[in-house]
Amino acid sequence: PQKTGILIVNEGNFGAGNGSLSFYDEELMTITNNVIKIANNGAVIGSLIQSIYLHNGVGYVICNDVNKIEFIDQDSFKFLANPTDEVNVPRYMTVIENTGYITCWGPYDANYGLPDSYIAVMDLGTKAIIDTLECGSGPEGILALNNKLYVANSFETSVSVIDLVDGSSAKINFDAAPQHLV
């Protein structure tokens, strides 16, 4: 049955693999911790959980410290498919129709910069990464609007604007590093 409530991401401690999800049931006014562990016979995510994105009944659990995305049923919290590990330090996600766009920091360079950051493009039907798009350094929040992606580049002072129709990319510069968009 469909649930009404609030899903809470408990990030966990970096490197400890103890991220979890809690669910606050608005009707019953109760909270259940470790809903994934309960729904999956003790199996856990085993990672830090950066964020979760809900779309068409699927929860895309973004795990940045182990470079994976887990897929869970939005109502039962049961695992739906094998996780994808085709991402490098994933952060946040947005969706347009049957395509997901995930901000990925990529690997650190020798000076702890992020010169190889990118957007991973996921086919939501197959759960496979099918492409990558260029963006600024340290992408965080991502917003889809009118066939464009707006990406907050937290390691620089810009928002990347990626046109999904013609493939062009531009940047809007700011005085400070942006992190999220709404």
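Tutor: Contact means heavy atoms within 4.5 Å. The model is predicted, so local features need pLDDT of at least 70 and side-chain atom pairs count only at pLDDT 80 or more, while totals for chains, interfaces and linings use all residues. Residues are numbered from 1 along each chain as its sequence is written, and side-chain values use heavy atoms, with hydrogens and water left out.

Student: Is S22 buried or exposed, and which residues does S22 touch?

Tutor: S22 belongs to strand β2, residues 20-25; strands are DSSP runs of E with at least two residues, numbered from the N terminus. Not counting residues up to four places away in sequence, S22 touches I6, L7, I8, N10, I31, T32, N33, N34 and V35. Because its relative accessible area is 3%, S22 counts as buried (buried means under 20%, exposed over 50%, partly exposed in between, with a 1.4 Å probe and protein chains only).

Student: With which side chain does the side chain of S22 form a polar contact?

Tutor: A polar contact is a pair of N or O atoms within 3.5 Å; within protein, one must be able to donate a hydrogen and the other to accept it, and residues adjacent in sequence count only if both atoms are side-chain atoms. The contact made by the side chain of S22 spans 2.9 Å, and the partner is the side chain of N10.

Student: Which residues have the most contacts inside the largest nonpolar core?

Tutor: A nonpolar core is a set of buried Ala, Val, Leu, Ile, Met, Phe, Trp, Tyr and Cys residues joined through side-chain atoms within 4.5 Å. The largest has 15 residues, and those with the most contacts inside it are Y60, I69, V87, M93, I102, A120 and M122. At least two residues of this core come from each of β5 (58-63), β6 (68-73), β8 (90-96), β9 (99-104) and β10 (118-123).

Student: Which residues are in contact with I69 beyond its neighbours in sequence?

Tutor: Neighbours within four places in sequence are left aside here. The contacts of I69 are then Y60, V61, I62, P83, T84, V87, I102 and M122.

Student: Which backbone atom does the side chain of D123 reach?

Tutor: D123 is located in strand β10 and, because its relative accessibility is 23%, counts as partly exposed. Neighbours within four places aside, D123 is in contact with N98, A128 and I130. At 2.7 Å, its side chain reaches the backbone nitrogen of G125.

Student: What phi values do Y112 and K127 have?

Tutor: Most residues other than glycine have a negative phi. Neither is a glycine, yet phi is positive in both: about 60° for Y112 and about 65° for K127.

Student: Which backbone oxygen does the side chain of S137 reach?

Tutor: S137 lies in the loop between β11 (128-134) and β12 (139-145) and is buried, with a relative accessible area of 14%. Among the residues that S137 touches, those up to four places away not being counted, are S117, N153 and F155. Its side chain comes to 3.0 Å from the backbone oxygen of L114.

Note on methods:
Helices (H or I, at least four residues) and strands (E, at least two) are DSSP runs, numbered from the N terminus.
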